[in-house]
Structures are given as structure tokens and as C-alpha cells.
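Please examine the sequence and the model shown here before reading on.

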Amino acid sequence: MRGRVAGLWHTRGGPLASTVIVVALVIAAAFPELSLSVSAVFDLPPRGVGTPELVAVALASVLPAITTPRFDGRELIAHRSARLGHLTYSTIMLAAPLAVLPVWYWVITTRHPDTQFPPLHGLIGNVVVFTSIGAILCLVLGPLVATVATPSLFALLVVAQQAQPESLLTANFSTGRSWHTNYWITTAAALLTLVLSWRLRAVPLPNRP
């Protein structure tokens, strides 16, 4: 019986994760117009980074670290039923940063009813890709690396998009002025994350007993 439920210990970080998500949603609602202007090449237009990207990437950086198994190797002996349970949990955590988008969009459109905003789905790609990157880095290199590397990689993307506005990074990922999602890249990143989580039983390689 223990083997059948062992993998469900994956949910031990659930209460903390729920608290972090709620705090993130409150921040997105309270500060919908938070914005940073990034300019690495001064004769090119700056690349804006707003509330939805800042809050969602912050969530993508910390959620994998606080929702991975932390104590022993019980997940490694889990039966298929328990593994399906924590794969479902991993899927929910992978999707959690997306909750920032509708909350922010509702607040910003309510505050500025006369402003025409692009469709919200254009921001999905960046959020899913960096949530996937955070989870993959956590599984392969460990929670601490993921927490630091995920926002760092996002910062590099922002700088590269501003410095090379005609590059593939700008064509395939949304920017502050152009919201668009490459669904092939988005789907591939999410599926790769879930496959890796299943194969590794959601236990980061550096944390294995």
C-alpha cells in the first residue's frame, strides 16, 4: 500500500506553493502597470517588461523549487497510480503561472476601458516556455540552480530581443509591444517537461538518495 501512495508525497510543497501563487496574483492585481524598460542598444527602441511577465517568471522560478520531493526516496519506488498522481500535480504547477495572465488582463482592461489591448493568448508562450525551463532546470540541476537560472535566462531573452529586434527570438516569443505565441515551441516545452518529470519521478537528479 505504501508503494501505491508514495509518489503522492510529491504534494508536500502544496500549501507553500498555494500561498506563493495567491501572493503573486495579489501583486499582479495590485500593480498591473508595473513596467521595466530594457535598452542594451541605445539607438533601438527599448524592450518593455511588464507585470504579467515579471510576476509569471518569478513564479516559474520558485514553484519548481518548492514543489519537488525533499525528504527521501519514496517517490522512486512509487507505483504507477501514485506516479500519475504526482504527474497531475506537476501539470497543475506547470500551468499555475498562467493564472497571472487573466487576473492582470482583467484589472488592466478595467482600469483602461478605452484602450485596445492585444488578445491575451499572445502572452501564453513566454510564460509556458519559462515555466518549463524552470521545471527542467530544477529536475536536472537542482532547485537552487533553477531559482537563479530561470530569471537570468529570461533577462537574456529580453536583452537579446531588444538588441536584435528582427531575430528568431523576437519572431517566436512575445515582446512588450508584440504579443504572439509559437504554439509548436510552447507545446514541445510543456511536453518535454512532463515527460522528464515522469521519467525522473519528479525527483531532481542532485537530490536523489
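## Helix H3 against helix H5

The structure discussed here is a predicted model. In it, the axes of helix H3 (residues 51-66) and helix H5 (residues 100-111) come within 10 Å and cross at roughly 155°. H3 and H5 are therefore roughly antiparallel to each other. The crossing in which H3 passes H5 is right-handed.

The residues that meet can be named on each side. H3 contributes Thr 51, Pro 52, Val 55, Ala 56 and Leu 59, while H5 contributes Val 100, Leu 101 and Trp 104. Sorted by class, this contact of H3 with H5 contains seven nonpolar residues, one polar residue and no charged residues.

## Helix H2 against helix H5

H5 also packs with helix H2 (residues 14-30), at an angle of about 20° and with the two axes 8 Å apart. That angle makes H2 roughly parallel to H5. Here too the crossing is described by its hand: H2 passes H5 in a right-handed crossing.

On the H2 side, the residues in contact are Leu 25, Ala 28, Ala 29 and Ala 30; on the H5 side, they are Val 100, Val 103, Trp 104, Val 107 and Arg 111. The contact of H2 with H5 divides into eight nonpolar residues, no polar residues and one charged residue.

## The largest pocket

How much space lies in the largest pocket? Its volume is about 400 Å³. The lining consists of 23 residues, and those nearest the centre of the pocket are Ser 35, Gly 48, Val 49, Gly 50 and Gly 176. Strand E1 (35-38), strand E2 (47-50), H3 and H5 are the elements that each give two or more residues to this lining.

Strand E2 provides the largest share of the lining, with four residues. By class, the lining of the largest pocket has twelve nonpolar, seven polar and four charged residues.

## The second largest pocket

The second largest pocket holds about 160 Å³ of space. Its lining is made up of Pro 45, Pro 46, Arg 47, Gly 48, Gln 161, Gln 162, Pro 165, Thr 170, Thr 175, Gly 176 and Arg 177.

The classes in the lining of the second largest pocket are three nonpolar, six polar and two charged residues.

How many cavities of 30 Å³ or more does the structure hold? There is one cavity of that size. The volume of the largest cavity is about 220 Å³. It is lined by 20 residues, and Pro 64, Thr 67, Ser 90, Met 93 and Ala 135 lie nearest its centre.

The elements giving two or more residues to the lining of the largest cavity are H3, helix H4 (80-95), helix H6 (124-141) and helix H9 (183-199). Which classes of residue form the lining of the largest cavity? The lining of the largest cavity has 13 nonpolar residues, seven polar residues and no charged residues.

Definitions and conventions: Residues numbered from 1 in each chain as written. Predicted model: local features only at pLDDT ≥ 70, side-chain atom pairs only at ≥ 80, totals over all residues. Heavy atoms only, no water. Axes fitted to C-alpha atoms, helices over the stretch in contact; angles between N-to-C directions. Parallel < 35°, antiparallel > 145°, perpendicular 65-115°, else oblique. Left-handed = near helix turned anticlockwise from the far one by under 90°. Contact = heavy atoms within 4.5 Å. Nonpolar A, V, L, I, M, F, W, Y, C, P; charged D, E, K, R; others polar. 1 Å grid on protein atoms, 1.4 Å probe; cavity = no way out; pocket = protein on both sides within 12 Å on 5 of 7 lines; lining within 4 Å. Points joined across faces, edges and corners; volume = space filled by probe spheres on them.
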